[in-house]
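Let's go through a protein together, one question at a time. Have a look at it first, and then we'll dig in.

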Amino acid sequence: MEESKNRIVQTSCQLCSGGCGLNLHVEEGRLVRVTAIKEHPVNEGRLCPKALAIPDLVYSQERIHHPLRRDGNSWRQISWEEAMDTIVQRLTRARADFGPEALAVAFGMSFLTQGIAGIDLIRRFTDVYGTPNVFSVDSMCYRSRLIGYILTAGKFFVADAENAKCIVLWGNNPDASCPPVAWRVRKALKQGAKLVVIDPRRIPIAEKADVYLQPRPGTDGALALAFMETLISEGLYDRDFVSRWAVGLEDLKTAAAGYSPEVAGGLAGVPADDIRRGARLFATTKPACIVQGTNTLDQQPAGVQNSRAMAILQALTGNLDAPGGFISPPRLPMRSLRLPFLVSAPPLGYDRFPLFYEVMGRTFGECQSMLLPDAILTGKPYPIKAMIVSASNPLLTWPESEKVRRALESLDFLVVMDMFMTETARLADIVLPAASFAERLNVVDMYRLVPGLPYVMLRPPAVRVGECRSDLDFWLELARWMGYEKQFPWRHLEEAFDYMLEPSGLSVAKLKQSPAGLYYGQTRFQGYEEKGFRTPSGKVELSAPSLGDRGQVPVHREPSESPLSNPDLAAQFPLVLTTGARQMAFLHSQFRQVARLRKLAAVAEAELSPETAAQCGIADGEIAMLETRRGQITVRARVGAAIKPGVVQMSHGWPEANVNLLTSLDPGDPVTGNPELKALLCRMKKVSC
Ligand SMILES: Nc1nc2c(c(=O)[nH]1)N[C@H]1C(S)=C(S)[C@@H](COP(=O)(O)OP(=O)(O)OC[C@H]3O[C@@H](n4cnc5c(=O)[nH]c(N)nc54)[C@H](O)[C@@H]3O)O[C@H]1N2
Ligand SMILES: Nc1nc2c(c(=O)[nH]1)N[C@H]1C(S)=C(S)[C@@H](COP(=O)(O)OP(=O)(O)OC[C@H]3O[C@@H](n4cnc5c(=O)[nH]c(N)nc54)[C@H](O)[C@@H]3O)O[C@H]1N2
Ligand code: SF4
Ligand SMILES: [Mo]
């Protein structure tokens with residue numbers, strides 16, 4: 001690492017998916033301050049409160065600085081050598097005793113956002129070891145959308161809010177979950193764009209909405225079909241685009257015909273006229289885009305179909321592959337590090353959810369995580385005995401925490417690499433101290449996804465803390481310790497990055513010359529005019545034969561727990577629970593130890609309306625019990641008019657009030673196995689002291 005006394009290191013923030021350009025001010029080897037890079041295209045000089053707290057996070061008293069080994073009920077500090085040696089011995093033994101499938105690896109969002117090479121290094125490692133069992137959070141987030149868009153139009157799309165004249169925020173509150181998107185939405189609004197908000201909570205930006213729909217959680221499929229019905233029956237769709245570039249209109253018409261705004265409005269608890277107004281505004285204002293929640297529509301029983309519906313609405317209005325609509329920035333050309341032919345066992349759930357693994361010849365790496373706890377507990381289809389968790393806290397972030405706990409406790413060997421002693425780390429045999437993003441080298445190309453820019457940037461190490469190491473260094477090093485030098489010939493990470501980057505013409509050295517990042521390409525529009533869409537028909541598939549008997553046209557599926565699907569349960573648990581609305585101050589279970597962020601949200605709260613609170617006998621600020629048929633937690637009630645009556649919202653990530661004690665791992669979506677986290681049945685009552 002270059003060491004001069006006072007310097008500014010330009011980097012890309014990793015505290016949410018935004019990737020803002022940051023100046024890390026380093027004095028005497030210590031990170032003292034963070035400012036924004038003015039010319040960075042993502043944030044253009046802006047920052048959010050989390051970025052200002054980076055020094056507090058990096059130097060938190062609670063950071064783990066050294067590898068730790070469980071010693072009965074306490075922890076013993078060990079050297080990296082001892083940690084690596086132990087891991088190698090235990091992985092070698094697991095493989096010999098139970099076969100290579102006995103190893104599982106799981107990584108979280110803070111691994112996914114590290115940039116290029118991370119997932120590839122893990123996958124190369126597990127390929128050589130011989131296990132297919134690599135898990136990530138995309139079983140709950142993102143994959144259903146990816147598959148939904150690909151099935152419909154052959155590729156992934158990003159909403160180009162900045163250039164839209166009409167924006168539909170559909171289950172998305174970017175002010176909390178992705179400020180760079182919020183900045184773009186607000187810029188478009190200032191330029192006169194129209195806004196439709198569809199959210200059971202009247203989120204702050206809804207004050208600016210031309211149409212606000214407040215649905216019962218889990219009814220988005222019905223609303224989307226009602227939008228389609230309005231477009232089709234009122235002749236508001238783009239006939240030219242649809243006749244040239246879409247197949248399956250007749251099937252779609254039939255499906256949508258069952259969901260007039262009256263029918264859908266009845267299901268969702270939304271006035272039919274408001275649905276019509278929203279649909280008309282979206283269809284008649286061009287260009288328009290739906291900015292859908294990153295996981296809101298995924299975590300419902302028709303997750304894939306919901307995302308198909310979003311892509312179909314874009315197609316019906318001719319807003320696909322068009323500025324201000326859905327756009328598809330190019331990928332950075334890169335070499336993959338995968339060696340999948342070395343793995344023989346099928347991944348978990350391959351037979352049950354084949355489309356989760358492969359769609360139209362395109363394969364996806366990580367397995368369906370929701371099946372892992374049962375597989376560990378039952379030993380079926382094969383024993384899973386050892387696990388490495390990198391940058392994830394499944395004990396708080398995966399559904400059904402009690403089962404996840406039992407599963408992790410029953411492993412022979414668990415390694416957790418984290419910056420903090422999390423609930424998950426506490427179950428480990430070995431805990432490894434992870435470097436924060438300010439302490440390690442990465443190459444970041446995720447701007448293509450948020451906010452849709454073909455941009456790449458180096459994330460250089462600025463400071464060093466204790467013996468903390470970069471996750472990628474750990475995986476590279478572990479490969480060497482396992483004796484995989486032949487397949488991992490790179491002496492250090494920079495060489496691995498260069499190997500991957502070669503097809504792009506870039507290298508770490510070249511990226512160092514542009515410390516604020518650079519564009520690697522240009523987004524092209526209407527690419528289908530030349531090549532068609534990458535679907536079997538070459539067109540947008542309003543009805544998708546690739547879905548086979550899983551339902552080829554979008555459908556509404558009631559949540560498995562809802563007043564309509566399960567009235568008996570609703571008699572006992574009369575409220576609808578939606579979980580996981582993002583809080584600006586936190587990233588899932590992270591940052592609760594940072595005092596200045598904790599000031600923004602001091603305690604865990606469940607949101608409910610004054611009507612609902614009165615029915616439950618709860619007043620604002622009182623401690624209440626929130627309960628589903630799976631368990632109960634105590635939490636402070638936040639009573640406010642913003643949320644739909646009959647609905648409770650509880651964010652995840654609070655150790656003292658873990659909402660995932662109330663959720664289920666059961667696969668919700670029949671295509672991908674995504675769990676249902678957005679619409680469950682619950683009840684709430686006051687806790688008497
Ligand atoms: N009920 C409910 N549950 C949900 C959701 C919901 O909406 N409702 N949303 C789900 C979604 S979409 C997601 S993506 C998941 C997220 O699930 P996770 O990714 O498991 O969530 P985090 O709490 O961010 O856990 C990340 C961990 O990595 C650590 N960490 C941070 N940076 C680094 C690093 O650089 N290296 C290493 N090794 N560790 C690091 C942090 O300290 C933290 O413990 O949660 C899901 N859980
Ligand atoms: N600060 C912060 N930012 C984050 C994260 C974080 O933990 N903290 N996590 C990151 C990750 S991994 C992800 S996946 C994204 C998540 O990003 P999103 O999924 O977009 O989550 P939110 O922006 O909170 O928006 C969810 C909104 O959906 C509403 N909602 C709940 N249920 C329903 C429903 O059934 N239908 C409809 N229409 N709306 C519903 C909620 O009230 C809420 O306002 O955020 C990312 N950014
Ligand atoms: S918006 Fe996200 S990426 Fe940008 S500074 Fe805040 S936490 Fe970092
Ligand atoms: Mo996510």
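Q: Does E400 count as buried or exposed?
A: Buried means under 20% relative accessible area, exposed over 50%, and partly exposed in between, using a 1.4 Å probe and protein chains only. E400 comes out at 18% relative accessibility, so E400 counts as buried.

Q: Before going on, what kind of model is this?
A: Residues are numbered from 1 along each chain as its sequence is written, chains are lettered from A and ligands numbered from 1 in the order in which they are written, and side-chain values use heavy atoms, with hydrogens and water left out. Local features need pLDDT of at least 70, side-chain atom pairs count only at pLDDT 80 or more, and totals for chains, interfaces and linings use all residues, since the model is predicted.

Q: Which loop holds E400, and what is its phi?
A: Helices (H or I, at least four residues) and strands (E, at least two) are DSSP runs, numbered from the N terminus. E400 sits in the loop between α17 (394–397) and α18 (401–409). Most residues other than glycine have a negative phi. E400 isn't a glycine, yet its phi is positive, at about 55 degrees.

Q: Where does F591 lie, and is F591 buried or exposed?
A: F591 also isn't a glycine but has a positive phi, about 75 degrees. Look for F591 in the loop between β24 (575–579) and α24 (595–598). Its relative accessibility is 3%, so F591 counts as buried.

Q: What is the omega of the cis peptide bond from V450 to P451?
A: Most peptide bonds are trans. P451 is in the loop between β20 and β21. The bond joining V450 to P451 is cis, with omega near 0 degrees.

Q: How many residues of strand β21 are buried?
A: Strand β21 covers residues 455–459 and is mostly covered. Y455, M457 and R459 point one way, V456 and L458 point the other way, and all are buried. The count for β21 is five of five.

Q: How many disulfides does the structure hold?
A: A disulfide is a pair of cysteine sulfur atoms within 2.5 Å. Of the cysteines, C48 counts as buried because its relative accessibility is 14%, while C141 counts as partly exposed because its value is 22%. As for disulfides, the number is zero.
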